[in-house]
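Trainee: Please take a close look at the ligand site in this structure. What surrounds the ligand, and what lines the pocket?

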Amino acid sequence: MTLVMGILNVTPDSFSDGGMYAEVDAAIARGVQLAHDGAHLVDVGGESTRPGADPVPPEEERRRVVPVIRALAQAGIATSIDTMHAATARAAVEAGASIVNDVSGGLADPAMAATVADLDVDYVAMHWRAHSTRMDSLDAYADVVAEVAGELDARVDALVAAGVREERIVLDPGLGFSKVTASNWPLLANLEAWSRGRRVLVGASRKRFLGAAIARPGVDAADPTAREHATTAVTALAAAHGVWAVRVHDAAAAVDATRVVSAWENARRPEGWAP
Ligand code: PMM
């Protein structure tokens, strides 16, 4: 069954939940709530990646995330660390995180690949072209599916060359990162084409491209929380296409969606059956 990764941004400025969980105690309580809602993993991040966001020094990032990861680990809750910094990844794993989620796929910090190889944990390599301040200027593709596939392949090659075991790598298309609205849908609609049998993480939750799909009179598509039902629809479709995990703000909705997909699939008659 598709895993649900609940989003916990310990940041003052993330696009949907910025500032809500910036204090350690509030962040821990939110992580516990996500697990209670059915999240299999809580993805803890200390640096916003929304377009235009300012970088956060790694020391400040670690100050935000490490106590939260440690407390969640003590409560028996599995966590991933959402970071581009190798030192933060190491500190987070030492505090109890079991997965490194790097939106840069190892491009932002040259030390990341060797660190992940040494830590020997699962590693999410997201498709990424540049930091938030520049990513919107690098959103041109002749064929987005082919180019993302090729750029992810290059990341896998570099990671494996640095000693990361191939089965540890999870690919992520980086929805909304250096992608105009129309570039996100082909990546979702052609998951199998670019992932070629590797595990996939999909992070569509409340993103802008969903707003464009649902916009109509009476729907404030600019409000991230108004994109929740659209997010759940993507979760169901992603689960039906066998993705390994979805990264979402509302864990309960995503767990419901993945359970519906399982019930549907378990009822399927064997290949070749006919009435
Ligand atoms: N999106 C955001 C942050 N981290 N990590 C992965 N692997 N995939 C994503 O799509 C992704 C991510 C965007 O910011 P948010 O934390 O506010 O959702």
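Mentor: Here is a walk through the ligand, its shell and its pocket. Keep in mind that the model is predicted.

Start with the shell. The ligand is surrounded by 17 residues. The closest are D82, N101, D172, K207 and R247. By class, the shell holds seven nonpolar, six polar and four charged residues.

N101 places a polar side-chain atom 2.7 Å from a nitrogen atom of the ligand. K207 has a polar side-chain atom 2.7 Å from a ligand oxygen atom. R247 also faces an oxygen atom of the ligand: an N or O atom of the R247 side chain is 2.7 Å from that oxygen.

Next, the cover. On its own, the ligand has 410 Å² of accessible area. The protein covers 97% of that area.

Which elements give two or more residues to the shell around the ligand? They are β1 (3–9) and β5 (122–126).

The ligand sits in the largest pocket. This pocket has a volume of about 600 Å³. Its lining comprises 36 residues. F15, R50, P51, F177 and K207 are the closest of them to the pocket centre.

Look at the lining by element. β1, α6 (181–189) and α8 (208–214) each contribute at least two residues. By class, the lining has 12 nonpolar, 12 polar and 12 charged residues.

Note on methods. Residues numbered from 1 in each chain as written. Predicted model: local features only at pLDDT ≥ 70, side-chain atom pairs only at ≥ 80, totals over all residues. Heavy atoms only, no water. Near = heavy atom within 4 Å. Polar contact = N/O pair within 3.5 Å; in protein donor to acceptor, adjacent residues only side chain to side chain. Areas by Shrake-Rupley, 256 points an atom, 1.4 Å probe, with all protein chains shown as cover. 1 Å grid on protein atoms, 1.4 Å probe; cavity = no way out; pocket = protein on both sides within 12 Å on 5 of 7 lines; lining within 4 Å. Sits in = over half its atoms within 2 Å of the grid points. Helix = DSSP H or I, 4+ residues; strand = E, 2+ residues; numbered from the N terminus. Nonpolar A, V, L, I, M, F, W, Y, C, P; charged D, E, K, R; others polar. Points joined across faces, edges and corners; volume = space filled by probe spheres on them.
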